[in-house]
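Reader: Hi, could we go through this structure together? I'd like to start with the charged side chains and then move on to the helices.

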Amino acid sequence: MAAVLCWGAAGGRRGLRALLKCETLCSRWCLVTSHKLYSSVYDPNEKTFEKLLIANRGEIACRVIKTCKKMGIKTVAIHSDVDANAVHVKMADEAVCVGPAPTSKSYLNMDAIMEVIKKTRAQAVHPGYGFLSENKEFARRLASEGVTFIGPDTHAIQAMGDKIESKLLAKNAKVNTIPGFDGVVKDADEAVRIAREIGYPVMIKASAGGGGKGMRIAWDDEETREGFRFSSQEAASSFGDDRLLIEKFIDNPRHIEIQVLADKHGNALWLNERECSIQRRNQKVVEEAPSTFLDPETRRAMGEQAVALAKAVKYSSAGTVEFLVDSSKNFYFLEMNTRLQVEHPVTECITGLDLVQEMIRVAKGYPLRHKQADIPINGWAVECRVYAEDPYKSFGLPSIGKLSQYQEPLHVPSVRVDSGIQQGSDISIYYDPMISKLITYGSNRAEALKRMEEALDNYVIRGVAHNISLLREVIVHPRFVQGDISTKFLPEVYPDGFKGHKLTDLERRELLATAASLYVAEQLRSQRFLGTPRIPIAKSKRSSWELSVRLGDGIYPVAISKDGTSFSVDVDGMKLNVTSEWNLASPLLSVTIDGTQRTIQRLSRNASGDTSIQFLGTVYKLQILTKVAAELSKYMPEKAAEDTSSILRSPMPGAVVAVSVKPGDMVSEGQEICVIEAMKMQNSMIAAKTGKVKAVHCKAGDTVGEGDLLVELE
């Protein structure tokens, strides 16, 4: 008998056995809420596939495995040698290595993957997103071997995966399109000529691209030439196809996409929209469903055009039609992604559908079980992409390292976390730096955002830099809360770059009071041994302390006294009452300050009084000293800051793609010195001043770490 199941449950005995095998892993993805994530029915008697291979890695591989377990389908994971201990490998029933770390030798290695399919006798392949998900040759090879591709047929992949062809098809299907050049751009000179004809600004982008890779905005001829070079190189690296197209850049738009679902029987649905306007480097950072901007009429018009396009290419699977929407609610076709989108969970939350299950059913030949009138908008869902990135560098330059401590906020109600990592996992230079997708659900937008704020505060990530501070600032910003957003949100709100949360006077006092209380609580704990007071040489009943706390450029005197588990703190002439259980062994500390609850994290401390505290999402560095120690510290010499005007250090780990100078060359301020590629994105490193090159410490092909010296100027 069929049953309506929640996230984390399995269908059938085989699915139950597989689930129990890795229950310690799967439990991390359970949606902790009374709201059921899916209204989908998982019928163990509905025949689909015996065994399915996931041609991907990380969180999306884990995501597909979860649904397969519910449907009673055995799973095969592929992995590179550096991913041998990855979570998706542990979750799958079988796992096979397909090559070394570089994607071209592993996750893009079709020959190796086809060999694994034959060896394991997998009947179907789910490609996830990225890698081979929109590769028509891969789909063709699977079909020739009688293996089902969980996605559309090769015709639809070719038509919609090629941005040039898809634009022509969209025009024929009477879908609104952006003015531009409907052909392949041959070289930089032709790119400049076309850009002038269209009129600046223009968007240069990879024909076979996606995910923000191979995309550049150009405002003049020079930027067009540079954009052509970088975009073609990124396109070749990421997709094996360096063809580019150029179209008019719609300034200050919203990025809104429509989820479509179609079967092999001519049925097609639109599953409402997703708002994806918060982006950096053309990559989405925060998504939500539905959009605050669309009215029912515009939503219906966009949905109907999306379905018309899907039917025009006989599309069958889940897919996404992306639009740019201007301030007057005019919308223009951007592209169609013939795969599962990264941000699909927000659609699942408001519709109750399991999109992976629907893709598998469609691939098996079943008709859709729903009509357009059955598709609801129930509540609101928000997704934040949590990246191993430093948000203080261009809104996020990659960070690598080992996750020394990792704890997902699953104890917060109505939270879903899609991830493919665990404590001890490595974030490497070879793959996308995404740590997870953090999703919160609410009956309305305000509720979903409040839960997201709480979830971000309760997310523990140690060992790598991460973008929690940026995400939290975005979701609480007045413009975002009001729905006043566009794809230019980040550069408009932070024109000088992201600097972290700016403390109000009250918040500054709260932080100082909390830090001082934490310091005293630790001093008191050090006087006890296994809960029993140590035997003192002289008895001490100290109940008050005078401290000096340095925060930024300010030094603040703080007087603190203890009353039970509470501290009364006098800072800046204001008395604050700070209460907590003071569990100093926990990575999370819930503190109540004059009735206001805050969740903080203490990241580090040392014997010199230096401490780092994550407060309201941002990490603040403080120094806490006794009054006497503070007086003596004035006589301690401070380390002089390094003069960085004459040197160029790598701002991120990556590979050197090109070096444009040699010793003895004269360079001008702003001139390109070298190009660093990290996570498939190319970044131009420029000179900070005019001068002569003294030494070059890198060459093309070198792997560099963050802070490594690249070039010296005289």
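Reader: Is Arg 605 buried, exposed or something in between, and what is its relative accessibility?
Author: This is a predicted model, and in it Arg 605 has a relative accessibility of 48%, so Arg 605 counts as partly exposed.

Reader: Which side chain does Arg 605 meet in a salt bridge?
Author: Arg 605 meets the side chain of Glu 522, with a distance of 2.7 Å from N to O. Arg 605 belongs to strand E33 (residues 596-605), while Glu 522 belongs to helix H18 (residues 505-525), so this pair ties together parts that are 83 residues apart in sequence.

Reader: And Glu 522, buried or exposed?
Author: Glu 522 has a relative accessible area of 12%, and because buried means under 20%, Glu 522 is buried.

Reader: How many salt bridges does the structure hold?
Author: It holds 54 salt bridges. One of them is formed by Arg 280 with Glu 389, whose closest N and O atoms are 2.8 Å apart. Here Arg 280 sits in strand E13 (residues 268-280) and Glu 389 in strand E18 (residues 389-390), and the pair links distant parts of the chain, 109 residues apart.

Reader: Are Arg 280 and Glu 389 buried or exposed?
Author: Both Arg 280 and Glu 389 are buried.

Reader: Okay, switching to helices: at what angle do H5 and H6 pack?
Author: Helix H5 (residues 110-120) and helix H6 (residues 136-144) pack at about 30°, and their axes are 11 Å apart. That angle makes H5 roughly parallel to H6, and the crossing of the two helices is right-handed.

Reader: Which residues make the contact?
Author: From H5 the contact uses Met 110, Asp 111, Ile 113, Met 114 and Ile 117, and from H6 it uses Glu 137, Phe 138, Arg 141 and Leu 142. Sorted by type, the residues of this contact are six nonpolar, no polar and three charged.

Reader: What do the side chains of Arg 141 and Asp 111 meet in?
Author: The side chains of Arg 141 and Asp 111 meet in a salt bridge, at 2.9 Å from N to O. Since Arg 141 lies in helix H6 and Asp 111 in helix H5, the pair ties together parts that are 30 residues apart in sequence.

Reader: Last one: how exposed are Arg 141 and Asp 111?
Author: Arg 141 counts as partly exposed, at 23% relative accessibility, whereas Asp 111 is exposed, with a relative accessible area of 52%.

Notes. Residues are numbered from 1 along each chain as its sequence is written. This is a predicted model: local features need pLDDT of at least 70, side-chain atom pairs count only at pLDDT 80 or more; totals for chains, interfaces and linings use all residues. Side-chain values use heavy atoms; hydrogens and water are left out. Axes are lines fitted to C-alpha atoms, for helices over the stretch in contact, and angles run from 0 to 180 degrees between N-to-C directions. Helices (H or I, at least four residues) and strands (E, at least two) are DSSP runs, numbered from the N terminus. Angles under 35 degrees count as roughly parallel, over 145 as roughly antiparallel, 65 to 115 as roughly perpendicular and the rest as oblique. A crossing is left-handed if the near helix is turned anticlockwise from the far one by less than a right angle, and right-handed if clockwise. Contact means heavy atoms within 4.5 Å. Ala, Val, Leu, Ile, Met, Phe, Trp, Tyr, Cys and Pro count as nonpolar, Asp, Glu, Lys and Arg as charged, and the others, Gly among them, as polar. A salt bridge is a side-chain nitrogen of Lys or Arg within 4 Å of a carboxyl oxygen of Asp or Glu. Buried means under 20% relative accessible area, exposed over 50%, partly exposed in between (1.4 Å probe, protein chains only).
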